[in-house]
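Open the model in your viewer and keep the sequence panel beside it. The stops below are meant to be taken in order.

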Amino acid sequence: MTPELGYAATVAALVLAGYGAGAAAWSSVNGRGDLRLSSERAAIGVWLLITACMLLLVYAFLTFDFSMTYVANNTNRGTPFYYRITALWGALEGSIILWAWMVSLYTLIVVARYRRTQPQLYPWALAVMLGVSAFFLVVMTIAAPPFERLSPIPDDGRGLNPLLEDSGMITHPVALYLGFTGFTVPFAFAMAALIVGRTGDEWITITRRWTIVAWYFLSLGLLIGGWWSYHVLGWGGYWAWDPVENAAFMPWLTATAFLHSVMIQERRRMLKLWNLTLIILTFSLTLFGTFLTRSGIIGSVHAFTQGSIGQFFLAFLALVVLGSFSLLAWRLDRLRAQGELDSVVSRESAFLLNNLFLLAAAFTVFFGTVFPLLSEAVKGVKVSVGAPFFNLVNIPIFLALLFLMGVGPLIAWRRASAENLRRNFLTPVAAGIVAAAVFRVLGVGNTLALLCLGLVVFVAGTVALDFYRACRARRRTGDGWREATWGLLRRQNRRYGGFIVHLGILVIALGVVGSQAWSTQTEATLNRGETVELAGYTMRFLGLQASKESNHFKVTGTFSLADGRRLVTVLAPAKKFYPRELTGIAAVDYRLGLWEDLYLVLGEFARDGSHATIKLQINRMVSWLWIGGLVLTLGAALAIAPERRRAPSLPRAGRRAVA
Amino acid sequence: MSGRARALRWAIPLAVVPVLVLLAYGFRTDPREIPSPLVGKPVSRFALTAFDGNRVALESLHGQVVVVNFWASWCYPACYEEAPSLERAWQTYKDRGLVVVGVNFQDKDEPAKRFLTQFGHTFPNARDPSGRVSVDYGVYGVPEAYFIDRKGRVRFKRVGPVSDELLKQQIEPLLAEAA
């Protein structure tokens with residue numbers, strides 16, 4: 001019964017979404033309020049129906065309803081309870097439901113929030129959002145139906161991909177999709193602005209917070225993905241420039257550019273065309289990412305199921321890109337900048353440079369990702385570019401971005417005077433140089449690492465200096481330090497939220513530098529009782545145990561680690577053997593630390609437990625990535641908090657009296 | 001706005017068409033299938049310095065069956081899995097005219113040497129510091145192995161680790177051929 005109910009709900013939701021999109025669009029053409037109301041009800045209906053689909057699927061998972069292909073493919077009787085719920089997004093079909101559900105949820109929030117306040121833009125935005133929902137429902141109906149019947153019904157399912165049985169995989173897709181789908185809202189309002197012709201900063205003001213939310217979830221999704229890769233895959237890294245990672249990273253880059261460039265539009269009435277282009281690119285790249293990972297056109301270590309879904313995504317991508325850029329071309333006359341760049345030494349140009357670098361990074365990642373395709377199309381030869389290419393091109397770009405992160409927030413608008421530069425940057429620059437010199441003396445030999453450390457200190461210095469000055473100014477009005485700090489964070493939450501996000505990025509940058517420059521590893525085959533030494537640690541192989549788990553067989557090694565004087569920890573890496581997998585899957589064991597993680601992977605071993613091959617890594621400062629993620633979370637939360645104060649602190653320089 | 005500028009603006013949406021076409025083209029290809037254009041062709045020659053300081057020149061191996069194996073110490077676990085098999089094959093067939101040549105791919109000296117010590121490799125292993133040999137052979141990722149017959153032609157390419165069976169199956173017919 002469940003498959004039929006689910007399929008019926010999907011089709012009904014599709015019809016409602018299609019109708020709602022049409023009704024919302026038509027209502028804004030002829031101003032019919034009843035149609036608009038009807039489209040809003042359709043939006044509610046779509047959300048209810050997709051929610052019903054999700055609940056049906058969860059129910060099927062919990063009751064082991066192997067009459068459904070999706071359930072049989074992604075669980076078996078041994079799958080633990082919580083993974084049976086999260087198996088919902090363990091594979092393609094369920095992920096599409098989750099995606100559609102999030103879009104429909106965002107649509108509801110848009111209805112609730114803007115129904116009364118944005119009479120011009122809102123109906124078109126609603127139409128676009130329902131249109132996007134409709135696309136995902138089409139995919140659910142035709143290309144990747146989650147409610148497909150399986151016949152004959154098997155006794156037991158195949159089970160979830162063992163690598164996905166991890167807490168990271170419970171949260172990673174959710175965060176990532178909240179990010180991806182979140183960009184639907186700014187995109188929808190941008191399209192509405194183009195259609196209606198209100199191309200001012202109205203749509204940007206409406207969607208500012210949405211963009212930060214989506215950006216934050218995307219960042220979180222990327223970080224959790226890195227964490228999963230780090231502690232599950234057993235290669236000791238968190239980022240490999242794999243096409244699938246790149247697919248999520250590209251919209252992050254363009255969204256970051258967008259977050260910054262809208263500030264210039266708000267302040268100086270410049271870059272209207274640019275901002276619209278950026279949001280179109282960001283939204284398109286979220287679709288492109290899914291297309292790339294699900295179509296199978298580019299090889300990736302992420303082995304996803306494939307089907308006809310690629311064609312659907314490509315068609316929709318074409319529709320979105322061609323449609324939105326055509327709208328842009330049509331409204332080109334209204335997208336002229338009202339302000340102009342006064343000086344190269346100004347905040348505007350710092351932001352512009354930041355945008356150029358971010359776009360350059362996005363372009364190189366795009367280029368590197370589709371390069372195998374390009375080379376095959378042009379020369380008939382499959383060539384792939386690997387991590388060396390991405391690192392070579394992107395490291396200088398990211399260093400430049402770090403530098404601009406220090407310059408941008410403090411340099412004066414319009415034209416920076418020598419006094420402004422001296423006052424804001426002399427101390428931080430000096431601090432950066434001194435820090436690099438100190439690290440050099442302390443024995444840091446790597447030039448890139450030194451450069452990065454210096455830049456991090458410089459940026460942190462600018463933030464600290466600015467915050468200190470602002471606090472001091474508030475202190476003059478009689479506040480204590482604590483009130484001054486708190487008041488500042490509350491009143492200028494957007495500015496200081498952004499600063500905290502910057503600090504989070506700095507912490508992440510330190511993690512990247514530390515892990516790349518100072519990690520060390522060794523491989524060894526040890527007889528029982530034998531030891532291996534690495535970076536002051538002595539590791540001893542104590543023995544192997546075998547155990548039977550709920551859905552797999554597990555061989556666990558026990559290793560003690562001592563640092564010369566005392567026992568530090570005992571690590572128990574394992575190899576898990578799932579009945580359906582040909583090879584064993586390594587389960588890493590590790591001890592996380594602020595400065596270094598001890599990270600141990602079990603390789604081959606003798607069945608009698610006499611010897612085992614292991615890989616021991618001392619990964620330095622990887623935890624800083626996760627700490628940076630927490631800082632980022634604080635900053636983003638602060639930045640989206642309701643603003644206390646309407647007018648910005650500086651006079652709106654670009655707003656001239658227009659006669 | 002002039003007519004020309006009016007027409008030009010449509011260049012914005014049109015600019016994305018080639019990208020879309022390229023992506024559509026992707027459906028016609030299989031990313032996992034990587035045919036080597038080298039199979040059947042004379043091998044590209046190289047002369048490299050081995051880790052023990054000796055010179056490894058492919059030219060001097062003419063008339064012998066050669067397995068060129070590209071590996072790296074960071075390539076875990078695949079390169080570690082195949083390493084003992086390579087040594088075994090070399091030990092088994094070296095008297096019948098087989099040479100195994102290891103080429104270290106995008107690696108650092110220290111861990112590469114540790115790798116060799118760990119597996120006790122006795123066949124020649126060379127550094128490829130400029131990466132030129134890897135590029136000449138079109139190495140996509142490590143491990144990869146190229147099987148070269150006595151006439152100096154590439155006869156088979158293996159992407160991924162080699163096993164004892166695969167080595168036996170590929171090497172024995174080549175050894176049976178006349179030079």
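The tour goes through chain A, then chain B.

**Before you start**

This is a predicted model: local features need pLDDT of at least 70, side-chain atom pairs count only at pLDDT 80 or more, and totals for chains, interfaces and linings use all residues. Residues are numbered from 1 along each chain as its sequence is written, while chains are lettered from A and ligands numbered from 1 in the order in which they are written. The model scores ipTM 0.77 and pTM 0.79.

**Stop 1: chain A, coloured by confidence**

The average for chain A is 87, and 94% of the residues score at least 70. Two residues are in contact if their C-beta atoms, placed from the backbone, lie within 7 Å. Helices (H or I, at least four residues) and strands (E, at least two) are DSSP runs, numbered from the N terminus.

**Stop 2: the domains of chain A**

Give each domain its own colour: domain 1 is 1-165, domain 2 is 171-332 + 344-414, domain 3 is 417-517 + 628-640 and domain 4 is 520-620. These bounds come from an automatic or database domain assignment. The centres of domain 3 and domain 4 of chain A, taken over C-alpha atoms, are separated by 39 Å.

**Stop 3: A:Val365**

Select A:Val365, which is in helix H13 (residues 347-379) of chain A. Is A:Val365 buried or exposed? A:Val365 counts as buried because it has 23 C-beta neighbours inside 10 Å. A residue is buried if 20 or more other C-beta atoms lie within 10 Å of its own, exposed if 12 or fewer, and partly exposed in between, with C-beta atoms placed from the backbone. Leaving aside neighbours within four places in sequence, A:Val365 is in contact with A:Asn246, A:Phe249, A:Met250 and A:Phe390.

**Stop 4: strands of chain A**

Show the open sheet of four strands in chain A, ordered S1-S10-S9-S8 with antiparallel pairing. Strands S1 (520-527) and S8 (589-591) of chain A are its edge strands, each pairing on one side only. Two strands pair if DSSP finds at least two bridges between them. Three bridges link S8(A) and strand S9 (residues 596-605) of chain A in the antiparallel sense, and A:Tyr590 has A:Tyr599 in S9(A) as its bridge partner.

Then select strands S4 (residues 553-562) and S6 (residues 574-577) of chain A, which pair in the antiparallel sense over four bridges. Here A:Lys554 stands opposite A:Lys576 in S6(A).

**Stop 5: the sheet of chain B**

Move to chain B, whose mean pLDDT is 84, with 91% of its residues at 70 or more. Which order do the strands take in its open sheet? The five strands run S5-S4-S3-S6-S7 (chain B), and the pairing is mixed. Strands S5 (125-127) and S7 (154-159) of chain B each have a single partner strand, so one side of each is left without a neighbour in the sheet.

Strand S6 (residues 144-148) of chain B and S7(B) pair in the antiparallel sense over five bridges. B:Phe147 stands opposite B:Phe156 in S7(B). Last, select helix H4 (residues 78-93) of chain B, which packs on the sheet and touches strand S3 (65-71) and strand S4 (98-104) of chain B.

Definitions and conventions: pLDDT = per-residue confidence, 0-100. Axes fitted to C-alpha atoms, helices over the stretch in contact; angles between N-to-C directions.
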